[in-house]
Amino acid sequence: MTVQAATEATAVPGIAIDALAALSRAVTAAASATRLGDALEELAGAARIAAGADLALVRVRSRAGELETAAVAGPASHTP
């Protein structure tokens, strides 16, 4: 898979080149993951960073037709 981003005015407005590069790296890492969960975590983490969000969810449609959360990325909070 090859992902390229244009730096000229033809680039899609609102999408940062760095965000596209991070997503591209995550897709590459996800493709080489041996477990589906690891692949989805890579994608969720990159999506969170690219969007500048505190939390990202990867949701997939279940056999029953409902959306289920398959991966979550965000800062962990621990209370002692």
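Leu20 counts as partly exposed, at 28% relative accessibility (buried is under 20% relative accessible area, exposed over 50%, partly exposed in between, with a 1.4 Å probe and protein chains only). This is a predicted model, in which local features need pLDDT of at least 70, side-chain atom pairs count only at pLDDT 80 or more, and totals for chains, interfaces and linings use all residues. Residues are numbered from 1 along each chain as its sequence is written, and side-chain values use heavy atoms, leaving out hydrogens and water.

The predictor's confidence in each residue, pLDDT, runs from 0 to 100. Its average over the chain is 78, and 75% of the residues score at least 70. Over residues 1–10, pLDDT stays under 50.

Leu20 is found in helix H1; helices (H or I, at least four residues) and strands (E, at least two) are DSSP runs, numbered from the N terminus. Helix H1 covers residues 17–32 and spans 23 Å from its first C-alpha to its last. Ala19, Ala22, Ser24, Ala26 and Ala30 are buried in H1, and the buried residues of this helix pack against helix H2 (36–51). Leu20 and Ala47 sit 27 residues apart in sequence, with 9.5 Å between their C-alpha atoms.

Now to Leu55, which lies in the loop between H2 and strand E1 (56–61). Why does Leu55 count as exposed? Because its relative accessible area is 51%.

| Residue | Relative accessible area | Class |
|---|---|---|
| Leu20 | 28% | partly exposed |
| Leu55 | 51% | exposed |

How values were computed: Contact = heavy atoms within 4.5 Å. Expected span 1.5 Å × (residues − 1).
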